[in-house]
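Here's a quick briefing to read with the model open beside you.

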Amino acid sequence: MNGTDRHSATVKGLPAFPLWIDLVSNSDVLGTLYSDVSPLESVRLRSFHLDWRGPTLTLRIDLPTYPDPDRVPPEWSDRGHDTLQLQVQFAAVEDLTVRGWIPVVPVDISLTALPYRRILVRIAEAGFGFSFTSSDSLTVGHISSYRLTETGSDDVPHAFVSRLDKRLFTSLPGTHESSFFL
């Protein structure tokens, strides 16, 4: 990508490819928090969940930038929050390859346009490889804010965006909670 056109790039002769947020069907929530949602570079990959019923794959990630203070609820600022976490769901997943273990360092998630409204998703870091293809329609959910600990843990109180999540959770639920880890 060049500096004059940050919202698209041509990939191997395929049509212009939008930023990841342009592929999100419910991006309005993030639009209220960010004037410009950052690329999926230097994100913390917290977990991934594969659901055979879709087949869908959900990545739980921390975005690399926190929203501007004037765009977040005052209680987030009052609590000293500095990290926004969310889940990104990919549908119609095929060709899944996983090698290694989730790295503790931030990763770059690359999306490459494919024919027939599909994308190739890749994460490659030392000792870790993760790739799959999916539909080019993404969904975000379970958006929360929290204060990152010195150890990098997210096992702390979270403030959720969704009214239902606010009622059900004050921190991340256990992985057995199927209504959260979709």
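**Strands, rings and a surface patch**

Val 105 sits in the loop between strand 6 and strand 7; strands here, like helices, are DSSP runs (E, at least two residues for strands; H or I, at least four for helices), numbered from the N terminus. Keep in mind that this is a predicted model: local features need pLDDT of at least 70, side-chain atom pairs count only at pLDDT 80 or more, and totals for chains, interfaces and linings use all residues. Residues are numbered from 1 along each chain as its sequence is written, and side-chain values use heavy atoms, with hydrogens and water left out.

**The loop valine**

- Val 105 counts as partly exposed because its relative accessibility is 42%; buried means under 20% relative accessible area, exposed over 50%, and partly exposed in between, with a 1.4 Å probe and protein chains only.
- Val 105 also comes back to Val 43: the two are 62 residues apart in sequence, yet 8.6 Å apart in space, C-alpha to C-alpha.

- Five strands make up an open sheet, ordered 3-4-5-10-11, with antiparallel pairing; two strands pair if DSSP finds at least two bridges between them.
- At the edges are strand 3 and strand 11 (159–160), each of which pairs on one side only.
- Seven bridges hold strand 3 and strand 4 (residues 56–62) in an antiparallel pair, and one place to look is Asp 51, whose bridge partner in strand 4 is Thr 56.

**Two hairpins**

- Strand 7 (residues 110–114) and strand 8 (residues 118–125) run antiparallel and are joined by five bridges; Ala 113 has Ile 119 in strand 8 as its bridge partner.
- The hairpin of strand 7 and strand 8 has three residues between the strands, and Tyr 116 takes a positive phi near 65° there.
- Strand 8 is also joined to strand 9, again antiparallel, by eight bridges, with Arg 122 bridging to Ser 131 in strand 9.
- Two residues lie between strand 8 and strand 9 in their hairpin, where Gly 127 in the turn has a positive phi of about 80°.

**Aromatic rings**

- There are seven aromatic pairs in the structure; rings of Phe, Tyr and Trp (its six-membered ring) pair if their centres lie within 6.5 Å, and planes under 30 degrees apart count as stacked, over 60 as edge-to-face and the rest as tilted.
- Phe 90 and Phe 132 form an edge-to-face pair, at 5.1 Å centre to centre and 75° between the planes.
- That pair links distant parts of the chain, since Phe 90 is in strand 5 (residues 83–90) and Phe 132 in strand 9 (residues 128–135), 42 residues apart.
- Phe 130 and Phe 132 have ring centres 5.6 Å apart and planes at 85°, so this pair is edge-to-face.
- Phe 90 and Phe 132 are buried, and Phe 130 is buried as well.
- A cluster built from ring pairs takes in Phe 48, Phe 90, Phe 128, Phe 130 and Phe 132.

**A nonpolar patch**

- On the surface, Phe 48, Leu 50, Leu 96 and Val 98 form a nonpolar patch with about 310 Å² of accessible area together.
- Strand 3 (44–51) and strand 6 (94–100) are the elements giving two or more residues to the nonpolar patch.
- Patch residues have over 30% relative accessible area and no salt bridge, with like charges joined within 9 Å and nonpolar side chains (Val, Leu, Ile, Met, Phe, Trp, Tyr) within 5 Å; a salt bridge is a side-chain nitrogen of Lys or Arg within 4 Å of a carboxyl oxygen of Asp or Glu, and areas come from the Shrake-Rupley method with a 1.4 Å probe, where for residues only the protein chains shown count as cover.
- Val 98, found in strand 6, counts as partly exposed because its relative accessibility is 40%.
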